[in-house]
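I opened the notebook today to look through one structure that was new to me, and I wrote down each thing I looked up in turn.

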Amino acid sequence: MSTTTSTPTIPLGGPTLPQERRVVTAIPGPRSEELLARKAAAVPAGVGHTAPIHAVAAGGGVVVDADGNSLIDLGSGIAVTSVGNAHPAVVAAVQAQVAQFTHTCFMISPYESYVAVAEALNRLTPGDHEKKTALFNSGAEAVENAVKIARKATGRQAVVAFDHGYHGRTNLTMALTAKSMPYKSGFGPFAPEVYRAPLSYPFRDGLSGPDAAARAISQIEKQIGADNLAAVIIEPIQGEGGFIVPADGFLPAVADWCRENGVVFIADEVQTGFARTGAMFASEHFGIVPDLITTAKGIAAGLPLAAVTGRADLMDASHPGGLGGTYGGNPVACAAALAAIDAFENDGLIERAQQIGARLTARLNAMRESDPRIGEVRGLGAMIAAEFVDPATGAPDAALTSAIAKACIAEGVIVLTCGTYGNVIRFLPPLSIGDELLDDGLDVIAAALGRV
Ligand SMILES: *Cc1c(COP(=O)(O)O)cnc(C)c1O
């Protein structure tokens, strides 16, 4: 039972919650145990969970559970609450909007906040060409629509996704996603005309960026043919696939090839977007300007919202009524997004992501120097990962990874795993976390690594 305190550097989000790790019961405690039993009885097993708790409050850098434990949040609900949970400006914007009107359906009676979100994304996404934005409810829905838009605009059908890619859980996005278990296994048949190309994964393939791109392009040309290809979709940094940062030159070479061949280049920035990587969008780090960009997760501080933003000529190729949905761009979610985007732009959150990244990287690299089971520390900004291996062979060590994650959660630190081989711990803290809390979380991880 341990307690540490911390003051966030940027005092954002749930400011009334003490910024401390506080473990007052076993995790799960008795109240969470009761709720987990109800969950098991009422919710299907397929809807899993990482931390065996039930949350009652969150803000700054902590999640408080039903037993009064205060856990350090190093996951942000998968890179969603980047501005901080229950950020005061988001709360105020949502409260004002929910009292005004909750829904009209933008396709029936449009409203300004949707247009304002579209304007903000057109302005903030890479490239100064003319852009338009359509809003949806989830990352998967944005990806589905980006593919629809690309197919309609090109009159072609094939789509290329990459090894280790993750694009969602709907039928088309399952097809685009690389990993079978748990995302696809038994859920087929999958959407047709989806092909997979090899990625750049420097830690495992040792290829330069241009060489990895040449390998992918050659495979695409031979197996599909540019004339048949509507779009290439790629996460600038693979998220679920293991926080894989491609070698320098890989993404620009693929993007250039797409441009030369009339193929729509879609950057899936659902996880990497909105200051997460120490830039507003990860594409900026690689000097690429996507034709279309999909966003969601960090966009609205936890309210369900997603977007496709891109070249106006492509976006306008779909006929009226061809794009949309009942809830897409819901006014409450748009109000939250406008407040969150204001915080990303004006509260120093891009710089804060860089600081958090430097702190995480330095500490994890120090651990790696004394512990060869950490094969690599990588990532950009507040999107950092450690890949765990068998030091003798370099083989992925998923068992070690999951044991460390479980040990951390039991000590009051929420960490997430990822990776095709399940051997990566990823760090996605809210940008509102304080340094002391971050350091305490890293101490817990170091101790767990020493024990397991
Ligand atoms: C999470 C994620 C998705 C799917 O988003 P949902 O909101 O869960 O549908 C798509 N692409 C990437 C890169 C993601 O990380």
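**Entry: a helix pair.** I looked up helix 13 (residues 349-370) and helix 15 (residues 435-451) in this predicted model, and I noted that their axes come within 11 Å and cross at roughly 25°. Angles under 35 degrees count as roughly parallel, and helix 13 and helix 15 are therefore roughly parallel to each other. I then checked the hand of the crossing between helix 13 and helix 15, which is right-handed. On the side of helix 13 I listed Arg 352, Ile 356, Arg 359, Leu 360, Arg 363, Leu 364 and Met 367 as making the contact, while the residues contributed by helix 15 include Asp 435, Leu 438, Asp 439, Leu 442 and Asp 443.

**Entry: the domains.** I next took up the domain assignment, which gives domain 1 (30-83 + 348-451) and domain 2 (89-346). The centres of domain 1 and domain 2, taken over C-alpha atoms, are separated by 25 Å, and the contact takes 40 residues from domain 1 and 33 residues from domain 2.

**Entry: the nonpolar cores.** I asked myself which residues touch the most other members of the largest nonpolar core. Of its 96 residues, these are Leu 74, Leu 176, Leu 292, Leu 305, Phe 344, Val 415 and Phe 427. Helix 12 (residues 331-346) supplies the largest share of this core, eleven residues, and the core draws at least three residues from each of domain 1 and domain 2.

**Entry: backbone details.** I recorded a cis peptide bond that joins Ile 27 and Pro 28, with omega about 5°, and I placed Pro 28 in the loop between strand 2 (20-22) and helix 1 (30-42). The peptide bond from Met 181 to Pro 182 is also cis, with omega near 5°, and Pro 182 is in the loop between helix 6 (171-176) and strand 8 (194-197).

Turning to phi, I found a positive value near 65° at Ile 78, which lies in helix 2 (residues 76-79) and is partly exposed, with a relative accessible area of 31%. Cys 105 has a positive phi of about 75° although it is not a glycine. Is Cys 105 buried or exposed? At 7% relative accessibility, Cys 105 counts as buried.

Notes
Residues numbered from 1 in each chain as written. Predicted model: local features only at pLDDT ≥ 70, side-chain atom pairs only at ≥ 80, totals over all residues. Heavy atoms only, no water. Core = buried A, V, L, I, M, F, W, Y, C linked by side-chain atoms within 4.5 Å. Buried < 20%, exposed > 50% of the residue type's maximum accessible area, 1.4 Å probe, protein only. Helix = DSSP H or I, 4+ residues; strand = E, 2+ residues; numbered from the N terminus. Domains from an automatic or database assignment. Axes fitted to C-alpha atoms, helices over the stretch in contact; angles between N-to-C directions. Parallel < 35°, antiparallel > 145°, perpendicular 65-115°, else oblique. Left-handed = near helix turned anticlockwise from the far one by under 90°. Contact = heavy atoms within 4.5 Å.
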